[in-house]
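This report is meant to be read alongside the sequence and the three-dimensional view. Please keep both at hand while following the sections below.

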Amino acid sequence: MNFRIVSLFLGRISLAEMVVLLVPLCFAVGSGDGSAYIFIAAMVACFGAGAVFLSGGEARQQKLTIREGIAITGLGWLLATLLGMIPYVAGGYLGAVDGLFESISGFTGTGATVIRDLESFPQSLLLWRSMTHWLGGLGIVVIFIALLPESGQSSSYIYNAEAAGPTKERVLPRLHDMTKVLFEIYSAFTVLAFFIFLLCGMDVVSSLNHALSTVSAGGFSTYNESAAHFDSVAVEGWMTFFMVLAGGNFGLYYRVYHKGVSVLRNNTEFKAYIAVLVAATAAILANLMYESGLSPWEALRYAGFQAVSIATTGFVSADYDRWPAFSKLILLGLMVCGGCAGSTAAGLKISRAVILVRSVYANVTHLLHPKQVLDVRMNGYTLPESTIFRVGQYFFMYLLCIALWALLLTYDGIDVFDALGISISTMGCIGPAFGITGATCTYAELSHFSKTVLCFSMLVGRLEIFTVLVMLRPSLWKSRNMW
């Protein structure tokens, strides 16, 4: 492990976050909300951390190894969230644990909040909350590589440690070119969402915050009632559209731009993603009409928005805690599935779900026809056994983590169903769950122990488990080991 190279990258990340903090600082000064000092304090801390890391770093003369890539990604996320909590704590708005929870929830795109009354907070601080979503949505490291080409070609190890999904598919051969394209698409969607939300009647600040939160699949709102505050079909409709986009593969959108819509028809994961959302919406719609007596239009409005939201952002347009058990179970399943690989949404990923289902089907068929050769295919290509094996491993670890977090939460006195919902929600980086952390509640009532557990859950879910597990191995940090 070359710690001086790791230190160099951490220093650059610290200074980059200091530059980003200029945005809410300028907003605070311009609006006169009296919170400029908290961002100055955060910028000073970022500068200090950057100076310390850069002083211990060195320009690398050799390519990065897998070990440095994992260390930079994991430590970079920890550093960004620790520095990101400073504005909450420096202003006395949140304590240390709550500030860390809010920061991790923001950067991981979870959208779980410990703030009881959002509308009493300075608008500049709420803007910073939404910006943490946007920075973490596409990926701190992805944006870093896109904007700093001098990070070099061997930065692929950093990218692979952060990238989500069973495969590390590239739309362009050079990593810098690919991340730059993804960043441009991400930015274009955000700008488009901002202007459309303006046309829907939102004010400038709300439009900006919700555009950042929606495209990043985060879910932070500036209102206590979340999306329900607007009570607007137009707002909910356009938010649903952008949430669907956020849950899709951004690399796939690049191919659509160059090759046409036929690319979507040939993509197995995207078709499965849309099919899951449509099927879930239809099932919830029928259940709400039958059990709750809603009209078809009302049922479609709430079912469509909430099904898409619970799989991606976690915005709330209705109190789904009062829905029938059948509908809530479907929402729980959507929390597990999440969005597509290469999206800003988290969760298990639709591609893994498809591979699991097809591998089970192949194994069952093989029992009936032992001599028949059955391949597991995605997008017209046969998947290697190593990929199928890794997907099975990841699924096992995903369920194991959910069970572990739920067990720790029940130890803290939380009801079993609530603990399971919270565990699934934070591992899937969704935010709202059921019961004590349901649609109309926050995470503020949980103990410091539970919040600390959930901080780990959100980070593990966003970094997809194995990056975190590797960091726990002492051999990663031993300089004598060459990987």
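## Two packed helices

Helices are DSSP runs (H or I, at least four residues), numbered from the N terminus.

On the side of helix 6, the residues in contact are Glu-102, Ser-105, Gly-106 and Phe-107. They meet Trp-128, Arg-129, Thr-132, His-133, Leu-135, Gly-136 and Gly-137 of helix 7. Contact means heavy atoms within 4.5 Å.

## Basis of the values

The model is predicted: local features need pLDDT of at least 70, and side-chain atom pairs count only at pLDDT 80 or more, whereas totals for chains, interfaces and linings use all residues. Residues are numbered from 1 along each chain as its sequence is written, and side-chain values use heavy atoms, with hydrogens and water left out.

## Salt bridges

The whole structure contains 8 salt bridges, each defined as a side-chain nitrogen of Lys or Arg within 4 Å of a carboxyl oxygen of Asp or Glu. One of them joins Asp-98 and Lys-451, whose closest N and O atoms are 2.7 Å apart. This pair links distant parts of the chain, for Asp-98 is in helix 6 (residues 96-107) and Lys-451 in helix 21 (residues 448-462), 353 residues apart. Asp-98 counts as buried because its relative accessibility is 16%, and Lys-451 counts as buried at 2%. Buried means under 20% relative accessible area, exposed over 50%, and partly exposed in between (1.4 Å probe, protein chains only).

Another salt bridge is formed by the side chains of Arg-301 and Glu-236, at 2.8 Å from N to O. The pair links distant parts of the chain: Arg-301 belongs to helix 16 and Glu-236 to helix 12 (residues 233-246), 65 residues apart. Both residues are buried. Together with Asp-231, they are linked in a network of salt bridges.

Lys-349 lies in the loop between helix 17 (325-337) and helix 18 (350-368), and Glu-464 in the loop between helix 21 and helix 22 (466-471), so the pair ties together parts that are 115 residues apart in sequence. Both Lys-349 and Glu-464 are buried.

Ile-465 counts as buried because its relative accessibility is 1%.

## A nonpolar surface patch

Val-233, Trp-297 and Leu-300 form a nonpolar patch on the surface, with about 300 Å² of accessible area together. Such areas come from the Shrake-Rupley method with a 1.4 Å probe; for residues, only the protein chains shown count as cover. Patches are made of residues with over 30% relative accessible area and no salt bridge: like charges are joined within 9 Å, and nonpolar side chains (Val, Leu, Ile, Met, Phe, Trp, Tyr) within 5 Å.

Trp-297 is part of helix 16 (residues 296-311). With a relative accessibility of 52%, Trp-297 counts as exposed.
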